[in-house]
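Me: I would like to learn how to read aromatic pairs and sheets in a model. Can you walk me through one?

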Amino acid sequence: MSFDLHGRTQRLELSDQNLRAFEAVVLESTPEGIVLSKSAFYPGGGGQPADHGVLLWQGVETRIVGVRKGDDLHLIPAEGDPVPPVGTVVEAAVADERRSALMRTHSGLHVLCGVVFRDYGSLVTGGNMEPFSARMDFNLPEVPPGFKEAVEDACNAEIAADRRIDVRVLPRSEAFAIPDIIRTATNLVPDDVEDVRVVDIVGLDTQADGGTHVASTKQIGRIKVAKIESKGRGFRRLRITISD
């Protein structure tokens, strides 16, 4: 199967993270989920939530409040909204402010990951995000004096450096030949994945990742390390916020 297909749906956001509007044909339609021939709705994964948005068809609007993954991608309509019949051509729009905020936040987490790995050698054990706020967990046995301030300053220095963020799809063998391509304590790339999507903050962080990102670190804004929590022996949770 092609890398940019999920079931019957061509995933447009994998090749164009700035795409917000597109046309598609309805392949399946119930109040529980709508399958389109193509979609730019990020379905969620890697801690990044699914996109929201709308479908417009025959003068009707269907709000999309999530995405369910399975054999197909099912766009989840808001409760009570009408759903388009199979065969309908719909105009779809991804909620721009939410997606853009999540892109900035996700790229901010990669900066955080890169800084903590570079400066402290710690791998990621978990993470999650909402627009402009996120957490990332690390296997960090000790918190050195001044750690919070040092990490925040280093992250914002990398943002100010305006590092380019490149996205590539590589054969599995080529991707896994990149040193430290997996920045999580457990390899989350399934064994049957033949092509690996790689996100590269040039000069700072290169890792396998399926989410959406801004084009350069300067577009992230500013990172604040809001809180550091202990999550058991040797594990720390860093909570961050993103602002302009």
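Predicted model: local features only at pLDDT ≥ 70, side-chain atom pairs only at ≥ 80, totals over all residues.

Me: How many aromatic pairs does a search of the whole structure find?

Reply: The search gives 2 aromatic pairs. In one of them, phenylalanine 22 and phenylalanine 41 sit edge-to-face, 6.1 Å centre to centre with 80° between the planes. Phenylalanine 22 belongs to strand 3, while phenylalanine 41 is in the loop between strand 5 and strand 6, so the pair ties together parts 19 residues apart in sequence. Both phenylalanine 22 and phenylalanine 41 are buried.

Me: Why is the pair of tyrosine 120 and phenylalanine 147 edge-to-face?

Reply: Planes over 60 degrees apart count as edge-to-face. The planes of tyrosine 120 and phenylalanine 147 stand at 70°, with ring centres 4.8 Å apart, so this pair is edge-to-face. Tyrosine 120 lies in helix 1 and phenylalanine 147 in helix 2, so the pair links parts 27 residues apart in sequence.

Me: Is tyrosine 120 buried or partly exposed?

Reply: Tyrosine 120 is partly exposed, at 29% relative accessible area. Phenylalanine 147 is buried, at 1%.

Me: Now the sheet. In what order do the strands come?

Reply: Strands of a sheet pair through backbone hydrogen bonds, either parallel or antiparallel. Here 3 strands form an open sheet, ordered 12-13-14, with antiparallel pairing. Strand 12 and strand 14 are the edge strands. Neighbouring strands are turned by 20° against each other on average, direction ignored.

Me: How many bridges join strand 12 to strand 13?

Reply: There are 7 bridges. At one of them, proline 171 partners aspartate 195 in strand 13.

Me: What does helix 1 touch in the sheet?

Reply: Helix 1 packs on the sheet and touches strand 12, strand 13 and strand 14. Its direction makes about 115° with that of strand 14.

Terms used:
Residues numbered from 1 in each chain as written. Heavy atoms only, no water. Phe/Tyr/Trp six-rings, centres within 6.5 Å; stacked < 30°, edge-to-face > 60°. Helix = DSSP H or I, 4+ residues; strand = E, 2+ residues; numbered from the N terminus. Buried < 20%, exposed > 50% of the residue type's maximum accessible area, 1.4 Å probe, protein only. Pairing = 2+ DSSP bridges. Axes fitted to C-alpha atoms, helices over the stretch in contact; angles between N-to-C directions. Contact = heavy atoms within 4.5 Å.
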